[in-house]
Amino acid sequence: MSGHSWSQKTKAKKEEEEEEEEVDPFDQMIQRTGCAAFHYTVMECMAEHQDWRKCQEPVQRFRTCMAEHQKRRAEEMRERQERHQAAS
C-alpha cells in the first residue's frame with residue numbers, strides 16, 4: 001500500500017513540475033518582441049504603486065519598444081511581399 005501512495009505523490013509532484021515549466025503564451029509573445037524587460041518593469045511598477053498614472057515613464061518606454069517592434073515587423077512583411085512578387 002505504501003508503494004501505491006508513493007507513486008501517487010510522485011505523479012502529483014511530476015504534474016506540478018510540468019505546470020511550472022509551462023510557459024505562458026503571452027510571456028512567449030512578449031519575449032519575441034524584445035520588449036520583455038520593459039513589460040516586466042511596468043508590471044513591477046504597477047504592483048508597487050497600484051496606479052498606472054505613477055508608472056508613465058516605464059509605460060512609455062514599453063510603448064516605444066513595442067512601436068519599434070511593430071515597425072520592424074511591418075518592414076519585414078513588406079520586404080517578403082516584394083521578394084515574393086519579384087519571384088513571381
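Buried, for this report, means under 20% relative accessible area, exposed means over 50%, and partly exposed is whatever lies in between, with a 1.4 Å probe and protein chains only. Arg61, for one, is partly exposed, with a relative accessible area of 35%.

What you're looking at is a predicted model, where local features need pLDDT of at least 70, side-chain atom pairs count only at pLDDT 80 or more, and totals for chains, interfaces and linings use all residues. Residues are numbered from 1 along each chain as its sequence is written, and side-chain values use heavy atoms, with hydrogens and water left out.

**The overall layout**

The chain has 4 helices and 0 strands, so read from the N terminus it simply goes α-α-α-α; helices here are DSSP runs of H or I with at least four residues, strands are runs of E with at least two, and both are numbered from the N terminus. Of the 88 residues, 16% count as buried.

**Helix 3 against helix 4**

Helix 3 covers residues 36-49 and helix 4 covers residues 56-87. Their axes come within 9 Å and cross at roughly 155°, which makes helix 3 roughly antiparallel to helix 4. Axes are lines fitted to C-alpha atoms, for helices over the stretch in contact, and angles run from 0 to 180 degrees between N-to-C directions. On that scale, under 35 degrees is roughly parallel, over 145 roughly antiparallel, 65 to 115 roughly perpendicular, and the rest oblique. The crossing is left-handed, meaning that the near helix is turned anticlockwise from the far one by less than a right angle (clockwise would be right-handed).

Who does the touching? From helix 3 it's Phe38, His39, Thr41, Val42 and Cys45, and from helix 4 it's Pro58, Val59, Arg61, Phe62 and Cys65. Contact means heavy atoms within 4.5 Å. These residues divide into 7 nonpolar, 2 polar and 1 charged, where Ala, Val, Leu, Ile, Met, Phe, Trp, Tyr, Cys and Pro count as nonpolar, Asp, Glu, Lys and Arg as charged, and the others, Gly among them, as polar.

**Two histidines**

His39 sits in helix 3 and counts as buried at 9% relative accessibility. Leaving out residues up to four places away in sequence, His39 touches Phe26, Ile30 and Phe62. His69 belongs to helix 4 and is buried too, with a relative accessible area of 15%. Beyond its neighbours within four places in sequence, His69 is in contact with Arg32 and Thr33.

**Salt bridges**

How many salt bridges does a search of the whole structure find? It turns up 3, a salt bridge being a side-chain nitrogen of Lys or Arg within 4 Å of a carboxyl oxygen of Asp or Glu.

| Salt bridge | Closest N and O atoms |
|---|---|
| Asp51 with Arg53 | 3.0 Å |
| Glu57 with Arg61 | 2.8 Å |
| Arg78 with Glu82 | 3.2 Å |

In the Asp51 pair, Asp51 counts as buried at 15% relative accessibility, whereas Arg53 is exposed, with a relative accessible area of 58%.

Glu57 and Arg61 are 4 residues apart in helix 4, so about one helical turn separates them.

Arg78 counts as partly exposed at 41% relative accessibility, and Glu82 is partly exposed, with a relative accessible area of 42%.
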